[in-house]
Amino acid sequence: HAPDESPSSYEEAKEAAVRSFQRGFIERALARSGGNVTRAAESCGMTRAALQRILRALDIDRGAFASD
């Protein structure tokens, strides 16, 4: 769907809501950890590998959160 289109079914709406939640939750964790995936994963109660899978699925660049 285009960003301005509404999902056409319950399942599509649920998937969109979950992805939106995941993106915000993970981005906040990465911001708190300065882009450190291991620390972000620990703070979320998941493994580094699990967080990396989510990063790939949502196309999130951890480098955007790296501390300089």
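Axes here are lines fitted to C-alpha atoms, for helices over the stretch in contact, and the angle between them runs from 0 to 180 degrees between N-to-C directions. The legends below describe close-up views of a predicted model.

**View 1. The crossing of helices H1 and H3.** In this predicted model, the axis of helix H1, residues 10–32, and that of helix H3, residues 48–58, come within 11 Å and cross at roughly 120 degrees. Because angles of 65 to 115 degrees count as roughly perpendicular and those over 145 as roughly antiparallel, H1 is oblique to H3. The crossing of H1 and H3 is left-handed.

**View 2. Residues in the contact of H1 with H3.** From H1, the residues Arg 19, Gln 22, Arg 23, Ile 26 and Leu 30 meet Leu 51, Ile 54, Leu 55, Ala 57 and Leu 58 of H3. The residues of this contact divide into 7 nonpolar, 1 polar and 2 charged.

**View 3. Ser 33 in the loop between H1 and H2**. Ser 33 counts as buried, since its relative accessibility is 6% and the cut-off for buried is under 20%. A polar atom of the Ser 33 side chain lies 3.2 Å from the backbone oxygen of Leu 30, and, with residues up to four places away in sequence not counted, Ser 33 touches Arg 39 and Ala 40.

**View 4. Gly 34 in the loop between H1 and helix H2 (37–44)**. Gly 34 is buried, with a relative accessible area of 17%. Not counting residues up to four places away in sequence, Gly 34 touches Arg 39, Phe 65, Ala 66 and Ser 67. Gly 34 and Gly 63, which are 29 residues apart in sequence, are 8.9 Å apart in space, C-alpha to C-alpha.

Methods. Residues numbered from 1 in each chain as written. Predicted model: local features only at pLDDT ≥ 70, side-chain atom pairs only at ≥ 80, totals over all residues. Heavy atoms only, no water. Helix = DSSP H or I, 4+ residues; strand = E, 2+ residues; numbered from the N terminus. Parallel < 35°, antiparallel > 145°, perpendicular 65-115°, else oblique. Left-handed = near helix turned anticlockwise from the far one by under 90°. Contact = heavy atoms within 4.5 Å. Nonpolar A, V, L, I, M, F, W, Y, C, P; charged D, E, K, R; others polar. Buried < 20%, exposed > 50% of the residue type's maximum accessible area, 1.4 Å probe, protein only. Polar contact = N/O pair within 3.5 Å; in protein donor to acceptor, adjacent residues only side chain to side chain.
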